[in-house]
Amino acid sequence: MSPIGIAVVGGGYWGPNLVRNAQQTPGLRLEYLCDLDADRARAVLGDYSTVRISTSLDDVLADPAVQAVAIATPAATHFSVGMQALEAGKHVLIEKPLAPSYDQGRQLVEAAERLGRVLMVDHTFCYTSEVRHIRETVRSGRLGDLQYLDSVRINLGIVQPDVDVLWDLAPHDLSIFDAILPDDVAPVSVAAHGSDPVGAGHACVAHLTLRLSNGGLAHVHVNWLSPTKIRTFVVGGSKRTIIWDDLNPTQRLSEHDRGVERNDELADLDADVRGRRLVSYRTGDTVAPALANLEALRSVMVEFAAAIAENRRPLTDGFAGLRVLAILEAASESLAKDGQSVPIRAVQQTPRETAGVIENVATTMAQRGRGEVTV
């Protein structure tokens with residue numbers, strides 16, 4: 001098949017990464033970089049690039065050589081730019097979040113379904129080797145019953161002027177939850193607490209607690225103000241626990257066959273004895289799985305191209321983006337109500353051909369091309 005013509009819209013923080021990966025992904029042909037600042041776009045592409053520069057989104061969308069667009073504009077513009085691209089008949093990849101609100105996200109999803117276009121959210125972390133391994137372990141049953149999730153994403157980050165820390169950082173962790181949870185387990189309510197110690201006008205530090213449909217809990221801590229950078233992710237099961245330390249260069253992922261087990265056979269003993277012996281502690285091996293050093297954003301681009309070519313939903317499709325938006329809106333409501341637990345609306349997915357599964361995302365070097373990006 002001929003390569004799919006793609007335009008990147010937005011040449012700011014994330015746009016250059018999309019440009020580089022689009023250029024190095026077989027199956028895609030980068031036609032344009034569209035940005036209101038032509039000099040910035042020219043600086044991204046360099047002096048000798050054959051990729052065209054445009055400051056007009058209308059002109060880019062009118063070009064029949066462009067079949068798809070990757071949107072890396074400010075979050076507040078995702079809905080308007082995405083809808084304009086869909087209505088122009090283009091397939092759309094949008095940087096997180098899908099839209100500024102759930103209702104606008106739903107409109108994008110409905111438009112993509114009506115027009116038969118691929119709508120994909122750039123939930124980049126879902127395409128890492130670590131998340132792929134965690135997903136396979138959870139869904140295979142090797143972890144046992146899922147008991148808890150705990151994620152910490154803190155650093156001395158950029159205090160965003162238009163969104164709080166929840167909407168800036170938590171989509172990463174919530175998208176990972178969405179990717180790894182079994183099909184019969186979903187978040188049902190959320191309680192959020194936040195603070196604004198520096199007077200930014202919105203939360204700069206926040207904690208989310210999600211109650212899962214199986215009785216388990218998931219916790220997210222996001223923070224712009226920490227002097228140290230921490231990115232840890234813990235998945236606890238009845239049989240195993242997985243710990244992902246994304247900043248550990250030698251052992252990012254480890255599986256621990258250690259935990260607590262209930263001694264139900266003690267039910268007939270005296271109450272005092274039973275209380276002391278109700279649980280036992282299991283100490284087993286700790287294993288560090290060998291994982292391929294995959295290009296996460298390159299795999300995003302490969303999945304986008306494959307979904308278009310195969311006329312199917314991508315792994316992180318519009319419905320995945322909607323599920324994240326549903327949690328974010330409930331979390332914002334909880335934050336405004338001083339931590340009151342708020343139900344999370346269920347996302348009804350319309351029947352269609354099954355989306356691509358993360359285990360089958362194309363990842364060979366021939367498909368991904370060269371290069372690496374840190375997310």
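## Confidence of the model

pLDDT is the predictor's confidence in each residue, on a scale from 0 to 100. This is a predicted model, in which local features need pLDDT of at least 70 and side-chain atom pairs count only at pLDDT 80 or more, while totals for chains, interfaces and linings use all residues. Residues are numbered from 1 along each chain as its sequence is written, and side-chain values use heavy atoms, with hydrogens and water left out.

The chain has an average pLDDT of 88, and 87% of its residues score at least 70. Over residues 353-375, however, pLDDT stays under 50, and the model has 66 contacts (heavy atoms within 4.5 Å) beyond four places in sequence for this stretch. Where pLDDT is low, the predicted coordinates should not be read in detail.

## Helix H6

Of the 12 residues of H6, 9 are buried, so the helix is largely enclosed by the rest of the structure; buried means under 20% relative accessible area, with a 1.4 Å probe and protein chains only. Among these buried residues are Glu130, Arg132, His133 and Arg135, as well as Val131, Ile134 and Val138. Just after H6, Gly141 takes a positive phi of about 95°.

How values were computed. Buried < 20%, exposed > 50% of the residue type's maximum accessible area, 1.4 Å probe, protein only. Helix = DSSP H or I, 4+ residues; strand = E, 2+ residues; numbered from the N terminus.
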